[in-house]
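I opened this notebook to record, step by step, what I looked up in the structure below.

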Amino acid sequence: MQLSVKKRAAAKNLTELKPGEEGVLASLDLPEADAQRLMEMGFVPGHSVTRGLSAPGGDPRVFRVDGSEVALRRETARRLILK
Amino acid sequence: MGDCHGCPNNIATLAPPPGRGAPARSHIVAIVGPPNSGKSTLFNRLTGLRQKVANFPGVTVEHRMGKVKLEQGRDVFVVDLPGVYSLTPRTEDERVTHDVLSGRMKDIPRPDAVLLILDSTNLSRHLVLAAPVLSLGLPTLVILNMADDLKSRGGELNVPELAMQLGSPVALISAAKGTGVEKIFQFLSGATMRAAPKAPLIQLPVIQDIPKCRAWATNIGNKTGYHAPAPPLWTRRLDAFFLHPVAGPLVFLFVVVAVFQTIFNGARPLMDGIDALIKTSGAWLGHLLPNEALRSLLIDGIWTGVGSVIIFLPQILLLFLFIGILEDSGYLARAALIADRTMARFGLQGKSFIPLLSAYACAVPAIMATRTIEDKRDRIATILIAPFMTCSARLPVYILIIGAFIPDKHVIGPFLGMRATVLLGLYVLGFVAAILTARLLKSTVLKSRRSSFMLEMPPYRWPTVRSLALRLVDRSKVFLMRAGTVILGVAIVIWALSYLPLHDGKPPAIEHSFAAGIGHFVEPAIKPLGFNWKIGIGLITSLAARETIVSTLGTIYGMKDEGSQQGLQQALHQDLTLGGAIALLVFFAFAMQCMSTIAVVRRETGGWLWPGVQFAYMTSLAYLCAFLANHLVSIWS
């Protein structure tokens with residue numbers, strides 16, 4: 001957790017993925033309950049995440065993770081930090 | 001799977017569990033699975049029409065209980081639990097599932113066995129749920145659903161090996177097509193339902209640690225030769241269209257208009273048909289009944305009263321047919337995605353959109369449709385604002401008053417008349433009240449962190465006729481039950497109030513009835529709105545259902561004949577000022593005059609708190625705005 005806070009400025013998050021681009025999840029900078037729920041839906045650190053399509057206007061966005069597609073709002077996607 | 005030979009003592013049979021009284025309890029089997037695993041499809045497949053919906057005591061989560069008929073004439077009860085990703089009791093759904101499985105739920109004995117249903121096309125992730133379920137120690141059948149998808153997309157899996165690894169029988173099935181379901185019946189008949197499962201070959205992981213559970217699931221997948229299928233090609237293609245920046249919103253708009261149009265116009269002939277049927281059958285029955293009081297009660301009271309509600313059945317069925325198609329095909333998730341940003345402005349989310357749209361037909365099915373919203377605060381906010389949407393029961397009232405008071409003139413060219421403008425204005429008024437209320441609620445009592453929105457996009461699938469039909473039967477049952485109980489009671493009370501007290505054995509003129517007494521009693525309170533005692537009676541009777549005011553006013557103004565709406569409009573013209581008429585329209589736009597809605601809100605929120613708050617809020621708002629409307633119009637005109 002400490003690490004991800006320090007590296008925040010440099011670290012890439014999910015919103016910076018371009019359509020079709022893939023990244024490996026490093027950490028979830030979210031309250032415990034939300035992080036748990038996201039992990040249950042497939043956002044487990046170490047897994048790869050691919051950006052899919054989005055709603056008109058670009059928010060929320062669909063991400064392909066662990067065999068399924070999950071839509072997240074920008075403010076949530078921003079908190080998912082990539083390696 | 002037939003590994004039970006030689007262990008007859010362990011086979012769970014019909015024998016009652018030891019220590020229980022004489023009446024043998026039927027076995028209870030719980031269906032557990034993540035969302036989108038095909039849980040409900042399986043439940044429908046197993047139970048068919050032998051099912052009912054109920055709420056767990058003290059919580060808002062509903063569950064379905066159904067009976068499965070087995071070959072030897074035995075029954076097994078199946079409980080469909082809410083879709084969960086884990087058994088950690090964080091959300092209400094998870095707590096309910098956890099409590100039922102551990103035998104802590106009041107009124108439901110601990111299940112004798114578990115059907116764990118997982119999506120075989122997404123096995124590695126869904127297997128995560130197997131760890132906590134298997135560690136419960138209940139006899140468990142692991143059901144891998146969507147076998148047809150797995151095969152057609154080139155996925156692979158060694159089923160016997162997986163059964164070995166998990167220490168539980170495994171069945172690969174397709175719940176939608178019905179293939180492989182016989183293995184579930186075998187399990188339920190006790191052939192493989194053992195008292196305690198064999199110890200799994202591998203150690204179960206620490207359940208709280210999701211990354212560890214996930215690694216455990218991958219490990220099992222590898223050991224059993226699981227090959228994830230190729231991504232769903234058709235879903236990608238369809239999404240490229242349905243989520244296209246230009247085509248997407250257009251399709252969305254088209255769907256919305258089609259739903260709207262069908263609810264309004266498509267249902268019209270059916271509704272007229274039911275209306276005619278009620279009237280002619282009422283008249284025909286009337287001839288058969290010699291006693292005048294009995295005839296009046298049956299025809300004027302019960303037949304017409306209950307009929308005025310049953311008439312909405314076609315609209316409700318069409319609406320649920322639409323929602324069923326949208327939900328089962330997977331488009332509903334896309335619609336929620338497209339609507340999310342707009343709904344977020346009012347503090348709501350994409351999943352609130354369809355229920356609110358449905359509320360234009362009737363708030364009752366709309367409130368039932370909010371079950372798709374997982375976030376509890378968002379769900380309550382949606383339930384609370386749904387009755388502001390202009391439902392079809394308001395329409396007869398609007399048409400009567402507008403016809404009587406608004407001149408039939410053009411506003412802009414020949415296209416938009418003044419009457420249509422006022423009608424449109426009333427629709428906008430309800431909508432504005434809804435979104436302002438949503439903002440108010442979401443920034444105060446129902447405030448939530450906005451980060452909690454996450455929505456899984458299931459692959460597109462063909463909806464099955466079977467599942468759609470079951471859904472419609474289910475909803476009709478719920479709706480007709482209400483019409484047969486609450487509405488029936490209210491219809492009888494209203495009839496009695498206008499039929500009594502008897503004068504020389506004859507019913508009184510309406511101005512001497514108990515109803516009139518009540519009307520006179522409330523008159524001082526509604527005078528500032530520009531209403532007299534006759535409107536007062538109408539307002540009271542419309543507490544049952546809004547459109548009741550039309551028939552009540554008809555009775556009060558002595559318009560016995562149904563075809564005399566024009567006569568009623570003239571009579572109203574003499575009794576109401578323009579200010580009073582506009583106030584009445586505004587009052588109906590805001591007030592929560594609908595017993596059915598109050599009843600369904602109580603059921604869905606699990607108590608009287610929210611319907612109470614809602615009724616008080618909407619009635620105060622209606623009173624205040626009607627008061628303002630009456631005085632402003634009086635000043636201007």
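I began with burial: a residue is buried if 20 or more other C-beta atoms, placed from the backbone, lie within 10 Å of its own, exposed if 12 or fewer, and partly exposed in between. By that rule, 43% of the 637 residues of chain B count as buried.

I noted that this is a predicted model, in which local features need pLDDT of at least 70 and side-chain atom pairs count only at pLDDT 80 or more, while totals for chains, interfaces and linings use all residues. Residues are numbered from 1 along each chain as its sequence is written, and chains are lettered from A and ligands numbered from 1 in the order in which they are written.

I then looked up the secondary structure of chain B, and found 27 helices and 10 strands, these being DSSP runs (helices H or I, at least four residues; strands E, at least two) numbered from the N terminus.

Next I turned to the side of chain B that touches chain A, where 27 residues of chain B are in contact with 29 residues of chain A, contact meaning that C-beta atoms, placed from the backbone, lie within 7 Å. Among the elements that each supply at least two residues to this side of chain B are α8 (210-223), α10 (247-266) and β10 (454-457).

Last, I followed β10(B) across to chain A, where strand β4 (residues 68-72) pairs with β10(B) in the antiparallel sense over 4 bridges; two strands pair if DSSP finds at least two bridges between them. I noted B:Met457 in β10(B) as the bridge partner of A:Glu69.

Technical notes:
Contact = placed C-beta atoms within 7 Å.
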